[in-house]
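Visitor: I have just opened my first protein model, and I would like to learn how to read it. Could you walk me through it?

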Amino acid sequence: MGKRDNRVAYINPIAAARARGPVQNSGPTIQDYLSRPRPTWEEVKEQLEKKKKGSRALADFEDKMNEKWRKELAKNREKLLGGSDKDKEKDKKAVDKEKEKEEKDKKEKKKKERKKSNRHSSSSSSSSSSDSFSSSSSESEDEEEKKSVKKKRKRKKSSGKRASDSSDVESDAESKTIMVLVHEKKKKRIKEEGDKEKDEKNRRRKRKAERGYRDSSSDSSADSDGEEVDKSKKKRKKKHKKHGRKKKKKAASQSDSELD
């Protein structure tokens with residue numbers, strides 16, 4: 001079975017369009033758009049004025065609504081403020097009543113105290129002499145007790161200061177000993193590090209000396225081997241020369257015998 005022939009004949013599109021002829025226009029053309037009816041300048045002015053009138057009407061309506069809302073807000077504020085003022089007045093009245101009650105109670109207490117003091121004044125005059133003596137003795141005792149308390153406090157303070165001084169001295173001594181120990185440890189560490197560095201340097205020097213000795217010995221052995229090789233070559237050359245001379249002599253003697 002052979003392949004199908006799917007080839008299509010080439011058609012020039014420009015030639016095909018020319019053969020078809022002019023296309024019928026289904027919609028408006030550019031000329032129709034340019035020749036459309038347009039309003040005059042006067043008609044445009046009338047439309048603009050109508051738009052301005054409409055916007056003014058909206059502005060007037062908004063102003064009226066704003067005035068209504070303002071009136072309502074003012075009424076609500078007056079109501080709220082009036083109620084708050086009434087509450088404040090009530091609170092003030094209650095506070096004033098409480099203050100008046102407290103003042104009355106204070107006055108009554110003062111009157112009662114005065115009456116009691118007047119009653120006890122007569123009885124207190126008789127016992128005043130004995131009370132004065134006892135009060136003087138009690139005052140002297142109180143002064144002695146105060147002095148003893150002051151002395152005890154001073155002693156406690158002095159002992160506390162001494163204890164604090166001794167504790168400070170001990171703490172200073174401990175800190176000094178700690179510093180000394182730390183300093184000694186640092187010295188030991190420095191010495192150990194120095195000894196380690198010296199040992200490492202000595203080891204490096206020894207290794208370098210050993211390497212140099214090995215290199216020199218290997219060079220001397222190589223030189224000796226080279227000398228031996230040279231000597232063997234020279235011996236071979238000498239042997240070869242002697243053998244060549246012998247051959248020449250033999251050849252010369254043979255030629256002489258043949259001539260004879």
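This is a predicted model: local features need pLDDT of at least 70, side-chain atom pairs count only at pLDDT 80 or more; totals for chains, interfaces and linings use all residues.

Visitor: Is glutamate 108 buried, partly exposed or exposed?

Guide: The general idea is to look at relative accessible area: under 20% is buried, over 50% is exposed, and values in between are partly exposed. Glutamate 108 has 46% relative accessibility, so this residue counts as partly exposed.

Visitor: Which residues gather with Glu108 in a patch of negative charge?

Guide: For a charge patch, look for like charges on the surface. Here Glu108 gathers with Asp96, Glu98, Glu100, Glu102, Glu103 and Asp105 in a negatively charged surface patch.

Visitor: How many helices and strands does the protein chain have?

Guide: To read the overall fold, list the elements in order. The protein chain has 4 helices and 0 strands, so its order from the N terminus is written α-α-α-α.

Visitor: And what percentage of the residues of the protein chain count as buried?

Guide: The answer is 0% of the 260 residues. As for the accessible surface, the protein chain has about 27,200 Å², and carbon and sulfur atoms account for 52% of that area.

Technical notes
Residues are numbered from 1 along each chain as its sequence is written. Side-chain values use heavy atoms; hydrogens and water are left out. Patches are made of residues with over 30% relative accessible area and no salt bridge: like charges are joined within 9 Å, nonpolar side chains (Val, Leu, Ile, Met, Phe, Trp, Tyr) within 5 Å. Accessible areas come from the Shrake-Rupley method with a 1.4 Å probe; for residues, only the protein chains shown count as cover. A salt bridge is a side-chain nitrogen of Lys or Arg within 4 Å of a carboxyl oxygen of Asp or Glu. Lys and Arg count as positive and Asp and Glu as negative; His and the chain ends are not counted. The place of a charge is taken as NZ of Lys, CZ of Arg, CG of Asp or CD of Glu. Buried means under 20% relative accessible area, exposed over 50%, partly exposed in between (1.4 Å probe, protein chains only). Helices (H or I, at least four residues) and strands (E, at least two) are DSSP runs, numbered from the N terminus.
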